[in-house]
Amino acid sequence: MQVSRSCIEIADGNPLYFLLPKAGKPAGDKPKLTYEQLINSVVEEGQELTLSDIILRIQEKYPYYADESLQDSSTWKGSLRTTLNQKTKVFEKTVRVDDESGKKVQYWGKKRDTGDEGEEPAAGAGSAGASADQ
């Protein structure tokens with residue numbers, strides 16, 4: 001947390017120094033990453049996390065998002081949710097039933113069959129070229 005040093009003069013004429021948190025400015029600089037890049041930076045291959053887990057990991061890795069003075073806290077979290085739902089070529093959702101509560105829980109992970117960005121792999125193209133070179 002960033003603080004500013006302030007001073008007031010008390011009745012006997014001596015200064016009294018104290019520290020105040022700087023309001024309105026989150027700790028650290030805002031990462032210059034898209035929401036997709038933020039998510040990719042905290043989710044490893046083969047790993048599935050809930051949205052809450054993804055948010056916690058982003059807050060741990062990037063102090064800017066952990067700062068309580070961040071005005072748009074719910075906005076960036078909502079944007080993460082939207083990114084996960086819209087980037088279906090990058091992320092996949094798995095719904096499981098929690099054993100304890102019996103409720104459905106959504107887990108997010110990186111899609112295993114990535115291929116080239118924006119292109120669908122041709123049928124058999126991945127294995128045919130690899131076996132010919134060996």
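**Exercise 1. Which residue in strand 5 does glutamate 48 stand opposite?**

This is a predicted model, in which local features need pLDDT of at least 70, side-chain atom pairs count only at pLDDT 80 or more, and totals for chains, interfaces and linings use all residues. Residues are numbered from 1 along each chain as its sequence is written, and side-chain values use heavy atoms, with hydrogens and water left out.

Step 1. Find the elements: helices (H or I, at least four residues) and strands (E, at least two) are DSSP runs, numbered from the N terminus.
Step 2. Strand 3 pairs with strand 5 in the antiparallel sense, over two bridges. To pair, two strands need at least two bridges found by DSSP.
Step 3. Opposite glutamate 48 stands glycine 109 of strand 5.

**Exercise 2. Describe how strand 4 meets strand 5.**

Step 1. Strand 4 covers residues 91-97 and runs antiparallel to strand 5, with seven bridges joining them.
Step 2. Take valine 97: its bridge partner in strand 5 is lysine 104.
Step 3. Check the turn. Six residues lie between the strands of this hairpin, and glycine 102 has a positive phi near 80° there.

**Exercise 3. Work out which side of helix 2 is buried, and what covers it.**

Step 1. Helix 2 spans residues 51-61; Leu51, Ile54, Ile55 and Ile58 are buried. Buried means under 20% relative accessible area, exposed over 50%, and partly exposed in between (1.4 Å probe, protein chains only).
Step 2. These residues lie on the same side of helix 2, because they cover an arc of only 100° around the axis. The arc is that of the directions from the helix axis to the C-beta atoms.
Step 3. List the packing partners of the buried residues: helix 1 (35-42), strand 3 (48-49), helix 3 (63-66), helix 4 (73-86) and strand 5 (104-110).

**Exercise 4. Summarize the whole chain.**

Step 1. Count the elements: five helices and five strands.
Step 2. Read their order from the N terminus: β-β-α-β-α-α-α-β-β-α.
Step 3. Of the 134 residues, 22% count as buried.
Step 4. Look at contacts (heavy atoms within 4.5 Å). Among those between residues at least 6 apart in sequence, 41% join residues at least 24 apart.
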